[in-house]
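Welcome! Have a look at the model below, and then let us walk through a few of its features together.

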Amino acid sequence: MRKLFLFFFSFLLSFSLLAQNTPVRVLVIGAHPDDCDEGAGGLAALYAKAGCAVKFVSMTNGDKGHQSISGGVLASRRMEEAREAGRRLGIVYEVLDNHDGELMPTLENRFTVIRLIREWKADIVITHRTNDYHPDHRYTGILVQDAAYMVTVPNILSGTPALHDNPVFLYMSDHFQRPNPFRPDIVVDITPVLEKKFRALDAHVSQVYEWLPWIGHYEKDVPADPARRFNWLMKHYAPYYAVSETHKPVLEKWYGRDRLPAVKYTEAFEICEYGAQPDEQQIRRLFPMFLPAGKVINR
Ligand SMILES: [Zn+2]
């Protein structure tokens, strides 16, 4: 009898631990097909590896981002590139059919963002800051901010059930200073998945090997051979993710001092003051990569 009791007790205990550690659900909303990969591709790879559910959404179809093709031809090419990037990261990638360069913070687009967040049952939503240089980035940030409270209001879009718990909203990093610079509240070590992040960026051929080099006047630097151009891509862009002095104290907070020497590349995020305001324990539950292997944090 005692053995039976112990069996049921251990069964219930393991069940409740599983329930407390349900996989985190992450939604990244960028303006263009490749923005999510740039800002959060490493984080997405880490979550996917941990069995969490990650979705990237591009608010526009990217049909302006090229020097020689445009319209539907470019939009369908970029849709395929995004799908391939999603496949490489092990995540879902959705591209909305809004024109590139023309995104506006309309009520219709706000409703779309509310539906996306609710349907994904997101614990974390990541987007652009609203002082970014590109109007599509800014308005994507505005649309997500405008949805941040509304996702919990049942009478808004009552056909899509409101979320009981407000997600945590985060901003991807940028270098813009006015009216306020980016603040790295959360810094994630992406060193183990750097190549995977770049494999995702490599899928956006029309961007990383064609459009961005053309608009940046370095198209002559891009090798034609696929293996050589991937090496060039890593060499050219990896320094943007190199660990910085401002990230080190934050890394130490989340990972501990012992981990610091091994951290070479990072992605950083700022906590938005709308949505849920997580305490330290909640952040550790939402970011299982901060924990040493085998540790469990309960809700
Ligand atoms: Zn963009």
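The crossing of α4 and α5 is right-handed, meaning that the near helix is turned clockwise from the far one by less than a right angle. This is a predicted model, in which local features need pLDDT of at least 70, side-chain atom pairs count only at pLDDT 80 or more, and totals for chains, interfaces and linings use all residues. Residues are numbered from 1 along each chain as its sequence is written, and side-chain values use heavy atoms, with hydrogens and water left out.

Here are two helix pairs, with angles between axes fitted to C-alpha atoms over the stretch in contact, on a scale from 0 to 180 degrees between N-to-C directions.

| Helix pair | Axis angle | Axis distance |
|---|---|---|
| α4 (residues 107–120) and α5 (residues 135–150) | about 60° | 9 Å |
| α6 (residues 194–203) and α7 (residues 205–215) | roughly 70° | within 4 Å |

On the α4 side, N109, R110, V113, I114, I117 and R118 make the contact, and on the α5 side L143, V144, D146, A147 and M150; contact means heavy atoms within 4.5 Å. In the other pair, L201, D202 and A203 of α6 meet V205, V208 and Y209 of α7.

The protein donors of the zinc ion are H32 (ND1), D35 (OD), D35 (OD) and H137 (NE2), at 2.1 to 2.4 Å; donors are N, O and S atoms within 2.8 Å of the metal (3.2 Å for Na, K and Ca). Along the chain, their spacing is H-x2-D-x101-H. D35 in helix α2 (residues 35–49) and H137 in helix α5 are 102 residues apart, linking distant parts of the chain.

Definitions and conventions
Helix = DSSP H or I, 4+ residues; strand = E, 2+ residues; numbered from the N terminus.
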